[in-house]
Amino acid sequence: MVEIMREVLAIGRAVGVDANIVPEARIDTARVLGPFKTSMLQDLEAGKRLEIDGLLAGTLEIARKAGVRAPFTESLFGLIRARAQSTGQYR
């Protein structure tokens, strides 16, 4: 997750957006919050259609146009897409 966060930050910086986020600090904050389910996991478990394109495909399109490599994000996109396709939650 830290690598994905780093890639997304690099994509943002490439198009002039600096979120000024430290990925490890965000992970530490999440640990303090304790166990929780992300909205995408909740949607997956509820059988709802997943917003994969808006969250990941769009990010990767911006990365390609900006010339930023994002192999971890590409892997996540492929895995989530395959999982969602197998349950009919992504077309």
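In the predicted model, helices H1 and H5 pack against each other at an angle of about 115°, and their axes lie 8 Å apart. This angle makes H1 roughly perpendicular to H5, since angles of 65 to 115 degrees are placed in that class. The crossing of H1 past H5 is left-handed.

Helix H1 also packs with H2. For this pair the angle is about 130° and the distance between the axes is 9 Å. H1 and H2 are therefore oblique to each other. Their crossing is right-handed. In general, a pair of packed helices is described by two quantities, the angle between the axes and the distance between them.

The secondary structure of the protein chain consists of five helices and zero strands. Followed along the sequence, the chain has the pattern α-α-α-α-α. The C-alpha trace spans about 35 × 35 × 15 Å along its principal axes.

At least two lining residues come from each of H1 (2-14), H2 (23-33), H3 (39-46), H4 (52-66) and H5 (71-86). By residue class, the lining of the largest pocket divides into 18 nonpolar, four polar and four charged residues.

Confidence in the prediction was examined for the chain and for its elements. The protein chain has an average pLDDT of 95, and 100% of the residues score at least 70. Among the elements of the chain, the highest mean pLDDT, 97, belongs to H1.

Technical notes
Residues are numbered from 1 along each chain as its sequence is written. This is a predicted model: local features need pLDDT of at least 70, side-chain atom pairs count only at pLDDT 80 or more; totals for chains, interfaces and linings use all residues. Side-chain values use heavy atoms; hydrogens and water are left out. Helices (H or I, at least four residues) and strands (E, at least two) are DSSP runs, numbered from the N terminus. Ala, Val, Leu, Ile, Met, Phe, Trp, Tyr, Cys and Pro count as nonpolar, Asp, Glu, Lys and Arg as charged, and the others, Gly among them, as polar. pLDDT is the predictor's confidence in each residue, from 0 to 100. Axes are lines fitted to C-alpha atoms, for helices over the stretch in contact, and angles run from 0 to 180 degrees between N-to-C directions. Angles under 35 degrees count as roughly parallel, over 145 as roughly antiparallel, 65 to 115 as roughly perpendicular and the rest as oblique. A crossing is left-handed if the near helix is turned anticlockwise from the far one by less than a right angle, and right-handed if clockwise.
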